[in-house]
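Student: I'm new to this one. Could we go through it together, one question at a time?

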Amino acid sequence: MARKKRSLEEFSADPAAQEMLVRAEEMGVSTAFHRADALAPCNIGAAGMCCSNCGMGPCRLTKDGLTGVCGATIDTIQARNLVRAIAVGSAAHSDHGRDMAFTLKAVANGEAEGYVIRDVPKLRTLAARYGIPIEGRSPEEIANDLADLYIAQFGQQDGQVVPIIRAPEKRQKLWKKLGVIPRGIDREVVEALHRTHIGDDQDAEHLLHHAIRTALSDGWGGSMIATDVSDILFGTPAPLLGRANLGVLREDMVNVIVHGHEPTLSEMIVAASQDPEIIEYARAAGAKGVNLAGICCTANEILMRQGVPAAGNFLHQELVILTGAVEAMVVDVQCIMQALVGLAQNFHTLIITTSPKVKIKDAVHIEFDEHQALTIAKEILRRAIDNFKNRGEVHIPAAQSELIPGFSHEYINYMLGGSYRASFRPLNDAIMAGRIRGVAAIVGCNNPRSTQDYLHSYVTQELLKQDVLIVETGCGAIATAKLGLMLGEAGLDQVGPGLREICETVGIPPVLHMGSCVDNSRILTVLTQMVEEGGLGDDIDQIPAVGLAPEWMSEKALSIGAYCVASGVYVIFGGSSPVSGMPDRVSDSDLVSRYISEGWEKLYGGKLEFIPDPEEMVRKTLEHIDKKRAALGLPEYDPSRFGRSGDARILELEKLPLPERREALYGVPVR
Ligand code: NFS
């Protein structure tokens, strides 16, 4: 049965996206939005009730009492599917971390053209934490040892992956007691695949136990390594001014979009685009220069560090091509739609794949090698510049918003306490006093099955009104950036009174952009530092904090969700649950859903729930935050106590006639 076609407003909450979707329809080309309408998801697979792990199936368990041909129950099948998805997500993030570690090794040995070690203090701090000698040694010597240590984490067979020591002590002890500390990153992913082969692990709870271990090898393993090394090589982010949305494209310049995830290539393309030789080459082609912009997490990586604008999030990847203004889209790994190649054939845009791991049929492949990074980056840019003359009609939406990204945990620490007493004390104090009710991390993808950016925006705006400080990463962060909520005062009229006071005093936006999806590891570090600062309990599960992925779609998001749960966080996903079952047809299909919520909460203090309704997401977030506040013995949240200091107070006073203003200021009538 054909599904109802959605309106432009139902496709996306972003007017720039709506504008490009009109163009797509006028041209008669399809996008993910249209394909999602045309292709109904399989309700049996979507509910986690289909097993295709062997050649006897696929077995679809749609009636009470049915099992697979091998006898696998609905619980086993749902748990196996979830473990596999988490393993894939963990593999993707971690393989990214592995490549970063190899790049660090190459840089340390002078074998990587164009790269340098930018953050020596971070290198030294991390190395010292792992017991690598730092005194009297060059950054390269230290980096070589750290790279070796990190590379070893992937193939390690026993013991524990080293970043685990950066979790709160109590949490480490809990993980040890429960037997979920990852031994080696690759080992956990391989074991997840082994256990889910036909005829292996067939006890749902036992399978899900390994899901946690596999996810932890991502969050406190591969992702943390990826973030660490990116900071060491490209600089630890600090606030700067950026821009987001399709309006960042330039009609008078060669537009090159970098899309994917790893900063190794994109950072070098940024460097090459500023090279006088390349600028001259672009001028000779009739353009004013090369304009770079990012999509997905590559956007976040170079936005956070270099201020390179973000053209958009996941669902903008096709829309940016529809502008007709993109000479080349350079992609590496993850979240890259195959549809880009066919779509680009309607324009002059070159799709250039660069990773030895990712080719797309009919795309141009220029393989990236960090040993000759700058040379390859320049070659890619020359191809883009040569293509400028082929540009046809251009349609660039005007929409763009400014934002202040760059909130690494190091910077948050510094901004709260200053250089000499960097500390999380003011943040903890603000939560304890109730000025900040709690913290929410809103992360993850866009999903064309829901309205692009709507769920992110709704949840973000509603929680801000309730004095919840928000940190964001990934495509969710770009959604909020497009909305203008990541720019100091710009969003402050929309936030609660206590949070507003904090933002004005510290000088921060109410939503902090913390980077790409591997940078969710920064959020783990922030939570740990909040625990170590004192006053909010002695483990992450006691902090009034919630994680949300309102528009999730990728397996990486499931891995992030699971490692956050294991770290003690209540995690809410929007959209549909991959383990929902079909309660109207199979009455006992909710064991896995209950286990990852109530079962995991008993073990880890965190739980994973899928809640499609945004109002319910907000309600449950606040309920959880208030429950944690009460458990800590903190005062009940009461917004009426705040909001009468700082800028708000001054603005209020300015409205009064002078005598009353004086009286309000000095407390006595002044004539
Ligand atoms: Ni995260 Fe980043 Fe975006 Fe989702 Fe894809 S880009 S790694 S998976 S879609 S947030």
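Student: Where is the place of Cys517?

Tutor: Keep in mind that this is a predicted model. Look at the strand and the helix on either side: strand S13 covers 511-513, and helix H22 covers 520-533. Cys517 sits in the loop between strand S13 and helix H22.

Student: And which residue is the only protein donor of the nickel atom of the ligand?

Tutor: That loop matters for this one, as we've just been there. The donor atom is an SG at 2.3 Å from the nickel atom. The only protein donor is Cys517.

Student: What is the site of the nickel atom like, with its 4 donor atoms?

Tutor: Check the angles among the 4 donor atoms, which run from 88 to 167°. To be tetrahedral, four donors need all angles between 85 and 135 degrees. The site of the nickel atom counts as irregular.

Student: Is Leu463 buried or exposed?

Tutor: Leu463 is found in helix H19, residues 454-465. Beyond its neighbours up to four places away in sequence, Leu463 touches residues including Ala440, Val468 and Leu622. Buried means under 20% relative accessible area. Leu463 has 0% relative accessibility, so it counts as buried.

Methods: Residues numbered from 1 in each chain as written. Predicted model: local features only at pLDDT ≥ 70, side-chain atom pairs only at ≥ 80, totals over all residues. Heavy atoms only, no water. Donors = N, O, S within 2.8 Å, 3.2 Å for Na, K, Ca; no water. Tetrahedral: all angles 85-135°; square planar, octahedral: opposite > 155°, others 65-115°. Helix = DSSP H or I, 4+ residues; strand = E, 2+ residues; numbered from the N terminus. Buried < 20%, exposed > 50% of the residue type's maximum accessible area, 1.4 Å probe, protein only. Contact = heavy atoms within 4.5 Å.
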